[in-house]
Amino acid sequence: MPVVPAARLLRLLLLLGPWLPAAGAVEPPLPAVVLTILARNAEHSLPHYLGALERLDYPRARLALCLRAQAEDPLLPPGPSGCLDLAGGQQAEQLACPGSPRGRDQQNWGFRGAGRGKQHLFGPVLTRRGEGTDLWCPGKEGRCPGCATDHNTDNTTEMLQEWLAAVGDDYATVVWRPEGEPRSYPDEEGPKHWTKERHQFLMELKQEALTFARDWGADYILFADTDNILTNNQTLRLLIDQGLPVVAPMLDSQTYYSNFWCGITPQGYYRRTADYFPTKNRQRRGCFQVPMVHSTFLVSLRTEGAAQLAFYPPHPNYSWPFDDIIVFAYACQAVGVTIHVCNEHRYGYMNVPVKPHQGLEDEKVNFIHLILEALVDGPPMWASAHVSRPPKRPSKMGFDEVFVISLARRPDRRERMLSSLWEMEVSGRVVDAVDGRTLNSSLMRSLGVDLLPGYQDPYSGRTLTKGEVGCFLSHYSIWEEVVARRLARILVFEDDVRFESNFRGRLERLMEEVEAEKLPWDLIYLGRKQVNPEEEAAVEGLPHLVVAGYSYWTLAYVLSLAGARKLLASQPLHRMLPVDEFLPIMFDQHPNEQYKAHFWPRDLRAFSARPLLAAPTHYAGDAEWLSDTETSSPWDDDSGRIISWSGSHKTLRGPRLDLAGSSGHSLHPHPRDEL
């Protein structure tokens, strides 16, 4: 064995020294972080919010939770003294909590060890029976520090208590602050109306959390609203790694709304700048200094000036609007603490706030839409398994059947579609689509399939594809079932649907209005690509309906029994063209007279929702776009080759899509939506 000269070995050790682990060296602990949970009537979003917190890739032993509730938890058994015992209903030694009558003169929070060395403050009484057991007494009056629910009228309190019972012992410290009975604020128009008194109460809660974090010795405090879902489990590490005093992860929403401002006026109001949309759309990426962030942001408690930051009371010179996010922005500005927003990663989602006059049901509708958007755009939101959610009650919404056409070899699409319907409480039935890749000339001849003479794609000039044949046969099989079972009206979806906000509610209202007006109809488009929308006439007495003109796509529509009979009677398999070209022929709106001459009568009574209630999940050119009709072989080609027909404009994102209606719950972007 060759001997390495001592001089060479010494030089090698000196070079490698910084990369060699020291014997017995211990990695320094990660910074301690307080997670602030402030909840009011958040039952609709809490399961997904808590699920995201559970999945954060950060040691729970370095995290403290701050919460509050306002009523006793009916899900856990009370102990003899009325306290809830996480270990089994036994009484415990009671320790005074700061802010309670027995603890007001204490100079610190008076924590006591509980269970595996953890600290728990369930206020107003901290209880302890012995190692491995923790208790709390909800529903009592008191002013313990921490985060809170705010006079809830829904199941928020019980959800938080149930979640804490399952996971609370994993965290370094849990602070629970009870609140009184549900109440409203003076001059409050509804549960989503922000009055001065409500703003002040929120400022006080945030200030208490900030004070607690400092006294506990935390390095950071994370504020995160309960309708902000951090789907990126690296969010906390990524933000800490930036080393910034105040930093927000840019969150996505259904509109241009996000959790930062790029400009602010000298009076503290929003100022539009040229930087907002490039930042929101990630056309520029990085961490950018901004005047204000809100909803979800991380504050470093070790940075210079952090000790002077406050939510309440406002700075002595404060004259800006009385709003917690603006008060804090002013405090940062006053002491020279910079604020940043980072957008180089996808961190998660935030719900679009409802108007002051709207209620909890409107906010729930918005959040369900956010769940659906996350299912399409990814990553999806996952609810906590430790929280009991209100049961779903799917129905067919008054239709005889809700069909979902889906290729068996596209399980991801099928799963997403069924998950979307489940969230909207719609009961759908999957119909296995006819796969064009399995078709050959002899099989199509046996089905009686033949090409419409002279058919060419209106944009690329190509012939019919096997994918388009499979698509047509899939819809055709549903029409046959409608007639065979004498189904009065049905709803048909393809598996690449992006639903508009409150799809279910808006469709139900539309069908009620149609029935009330006794409108004779055969087909109603819910999603389509309009070709000449300016030529479409409104339906008298039905403001959300137009007479359908030449259209593409069959991704979502309603069909009557009479309509299905008309479609079958035209015997389209013997002169086939794409199904979205066939339907306009049947209501006599196709521009090609030669095609129309092969079909008679062309008396399908076709209408369309306005604004539309559905769109494709992706368009040609999008990174995630995939079409089994466009990516296919010609209908008479049995060679097995697959061709991507990128020339058709049908699948492009067209400027004529009527998806920006202002009525109902449409959440499509508007230039002012960044507010």
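User: What makes α2 and α3 roughly parallel to each other?

Analyst: This is a predicted model. The axes of α2 and α3 cross at roughly 25°. Angles under 35 degrees count as roughly parallel, so α2 and α3 are roughly parallel to each other. Their axes come within 11 Å, and the crossing is right-handed.

User: Which residues of α2 and α3 meet?

Analyst: From α2, Leu-46, Pro-47, Leu-50 and Glu-54. They meet Thr-156, Met-159, Leu-160 and Trp-163 in α3.

User: Why is helix α2 described as largely enclosed by the rest of the structure?

Analyst: Nine of the nine residues of α2 (residues 46–54) are buried, so the helix is largely enclosed. The buried residues include His-48, Tyr-49 and Gly-51. Besides α3 (156–167), the buried residues of α2 pack against β1 (33–36), β9 (220–224), β10 (228–229), α8 (360–377) and α9 (411–423).

User: Which members of the largest nonpolar core touch the most other members?

Analyst: Val-33, Leu-50, Trp-163, Leu-236 and Leu-298, out of 46 residues in that core. A second, separate core has 45 residues, including Phe-212 and Val-327.

User: What is Leu-298 in contact with, leaving aside its neighbours within four places in sequence?

Analyst: Among its contacts are Val-33, Tyr-220, Leu-236, Ile-240 and Pro-245.

User: How do you know that Cys-287 and Cys-342 form a disulfide?

Analyst: The S to S distance between Cys-287 and Cys-342 is 1.9 Å. The cut-off is within 2.5 Å, so the pair is a disulfide. A search of the whole structure finds one disulfide. Cys-287 lies in strand β13 (residues 287–289) and Cys-342 in strand β16 (residues 339–342). They are 55 residues apart, and the pair links distant parts of the chain.

User: Are Cys-287 and Cys-342 buried or partly exposed, and what decides?

Analyst: Buried means under 20% relative accessible area, exposed over 50%, and partly exposed in between. Cys-287 has 25% relative accessibility, so Cys-287 counts as partly exposed. Cys-342 has a relative accessible area of 0%, so Cys-342 is buried.

User: What about Cys-262 and Cys-332: buried or exposed?

Analyst: Cys-262 is at 17% relative accessibility, so Cys-262 counts as buried. Cys-332 is at 0%, so Cys-332 counts as buried too.

Conventions:
Residues are numbered from 1 along each chain as its sequence is written. This is a predicted model: local features need pLDDT of at least 70, side-chain atom pairs count only at pLDDT 80 or more; totals for chains, interfaces and linings use all residues. Side-chain values use heavy atoms; hydrogens and water are left out. A nonpolar core is a set of buried Ala, Val, Leu, Ile, Met, Phe, Trp, Tyr and Cys residues joined through side-chain atoms within 4.5 Å. Buried means under 20% relative accessible area, exposed over 50%, partly exposed in between (1.4 Å probe, protein chains only). Contact means heavy atoms within 4.5 Å. Helices (H or I, at least four residues) and strands (E, at least two) are DSSP runs, numbered from the N terminus. Axes are lines fitted to C-alpha atoms, for helices over the stretch in contact, and angles run from 0 to 180 degrees between N-to-C directions. Angles under 35 degrees count as roughly parallel, over 145 as roughly antiparallel, 65 to 115 as roughly perpendicular and the rest as oblique. A crossing is left-handed if the near helix is turned anticlockwise from the far one by less than a right angle, and right-handed if clockwise.
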